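Have a look at the chain first, and then we can walk through it together.

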Amino acid sequence: MGIEAALPTDSILTTQFHRISNWARRSSVWPMPFATACCGIELMATACSRFDLARFGAEVMRFSPRQSDLLIVAGRVSIKTLPVLQRIYMQMAEPKWVISMGACASTGGVFDTYAVVQGVDQFIPVDVYVPGCPPRPEMLIEGIMAIQKIIDNDNLPRDPEGKRLPLQLAVQPNFQPTPQPVDVSIGAS
Ligand code: SF4
């Protein structure tokens, strides 16, 4: 039973090239991890077997910006580190997307100091914000799926000069905590 079973006999399958390229692109997002702090551990967990980012075709973390199309900023960014982040973003080829993972990357988090960037979106365009401190791997997967949906819909906003505008979407938590597998009782004997 394959797709041929659903098609009428003697039919011709036609499509548009951009649909195929979008499908290929969203099925093979290559992230560039810019992990500077604890959020990076959750990013690593997302790629491990329990959460298995490979299900979404996005597990191939590249450490070369020229081979990546999704920059994931995970953790606080200091003013001193900022030029490195900007250079990495500029070296990535278009089309490219950016996820700001966690409170520190998006707002500076609890580090309200002169040395920490109070939101990376002040310096690079951010497409999806993943909230939390740290966000759970499911939240990051939600963010990646949001990017995939946008690629699929070919829905990239551009300014009148053709420059791509940041999408600035915020992921909302939509998962329920699972119940404990066993009852936990403390103190009773
Ligand atoms: S948001 Fe929380 S977990 Fe993530 S880098 Fe900041 S302090 Fe660490």
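## Met-101 and its contacts

Met-101 touches Cys-39, Leu-43, Ile-72, Val-73, Ala-74, Val-130, Pro-135 and Leu-140, leaving aside residues up to four places away in sequence; contact here means C-beta atoms, placed from the backbone, within 7 Å. This is a predicted model, in which local features need pLDDT of at least 70, side-chain atom pairs count only at pLDDT 80 or more, and totals for chains, interfaces and linings use all residues. Residues are numbered from 1 along each chain as its sequence is written.

## The nonpolar core

Met-101 is, with Ile-72 and Val-73, among the residues with the most contacts inside the largest nonpolar core, which has 36 residues. Such a core is a set of buried Ala, Val, Leu, Ile, Met, Phe, Trp, Tyr and Cys residues joined through C-beta atoms within 7 Å. Helix α6 gives the most to this core, with seven residues; helices (H or I, at least four residues) and strands (E, at least two) are DSSP runs, numbered from the N terminus.

## Leu-140

Leu-140 is found in helix α6. Leu-140 counts as buried because it has 30 C-beta neighbours inside 10 Å, where buried takes 20 or more, exposed 12 or fewer, and partly exposed lies in between. Its contacts, not counting residues up to four places away in sequence, are Glu-42, Leu-43, Thr-46, Met-101, Val-130 and Pro-135.

## Around the ligand

The residues surrounding the ligand include Cys-38, Arg-76, Gly-102 and Cys-133. Helix α5 (residues 102–107) supplies the largest share of this shell, three residues.

Methods:
Near = placed C-beta within 6 Å. Contact = placed C-beta atoms within 7 Å.
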